[in-house]
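Work through the exercises below with the model open. Each task is followed by its solution.

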Amino acid sequence: MKRLLATGLASVVLALGSGCATTASMLGMYKSPPNPEADPWENWNRKVYAFNDAVDTAVIRPVAEVYANIVPQPVRTGVTNFYGNFADAWSAVNNLLQGKLANGAQDFVRVGTNTLFGIGGLFDVATELGIDSQREDFGQTLGRWGMGPGPYIVWPLLGPSTVRDSLALPVDRFVGPALAFSDTSTQYSIVFLGLLNERANLLTTGRMLDDMALDRYSFVRDAFLQRRRSLVHDGNAPESEDEAFEADPEPAAEPASGVSPTPAAAPASAPAAAPGASAPAVDAPASAPTPGMPASGPAQSAA
């Protein structure tokens, strides 16, 4: 019975560990919605989103608020650093799997520094020394290997995802400090603490989302997809790529039948010729411009 209760509590908090953590990162980078074809299951997703939001409002957020009020900020920062140290270790593995050897080596150095000099990762000494995290997850690794994102999907208690990230989620969530313990109840307690601490750190972000978005579902979906696309491409996502469910570019407009393209306008006036000098000869174009193609030569420059 205790094991089932621990499992249920960990699952409930996991909803915000995935969903709200993503929301916090994407608030500052949302620009425009992606192709609507990326959400073919919108009717189902909206219902699941409403369910997750109700659970958060009734259970998770109040518990996180109590936790934030009771536990001092320095202690919560230490908990965040401790779990982040394990995330950096997994990030190093993913960087190596993606062929980013320098980033992987930097993450390994960061983990060693924080583990040795930061008392097991409770203090983030590496950042103070300029060794920044190169955070990568297995979903990004799958994207790097060429797997498309697939449709957007919202999981009960797990939050927003895609088909690709759903396949990676069990692996990403499995790696953590709970692996150091064999006792099941201890493992669930560690998972619960990490996710509760994560949700407490995002209380302000949740209020910002309430104030900013008229349709919170659409905002979270669009920003999530945009953020994941940016992460997979290291912030340099191409304007057009052959990922699944991307909109086809609109065909270029063709000129109406029988209508010739408007020729480039001639200069309003030409400089006066010097006294006694003959006017320069002007060569006629060899042929008329092809419809739909820009004119060549001086006319193109004038345009």
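**Exercise 1.** How many residues lie between S1 and S2 in the hairpin, and which residue in the turn has a positive phi?

Solution. The model is predicted, so local features need pLDDT of at least 70 and side-chain atom pairs pLDDT 80 or more, while totals for chains, interfaces and linings use all residues. Residues are numbered from 1 along each chain as its sequence is written, and side-chain values use heavy atoms, without hydrogens and water.

Step 1: locate the strands (DSSP runs of E, at least two residues; helices are runs of H or I, at least four; both numbered from the N terminus). S1 covers residues 152-155 and S2 residues 159-162.
Step 2: check the pairing (at least two DSSP bridges). The two strands are antiparallel, with four bridges; Ile153 has Ser161 in S2 as its bridge partner.
Step 3: read the turn. Three residues separate S1 and S2, and Leu157 has a positive phi of about 70°.

**Exercise 2.** Is Phe108 buried, partly exposed or exposed?

Solution. Step 1: Phe108 is in helix H4.
Step 1: apply the cut-offs (buried under 20% relative accessible area, exposed over 50%, partly exposed in between; 1.4 Å probe, protein chains only). At 43%, Phe108 is partly exposed.
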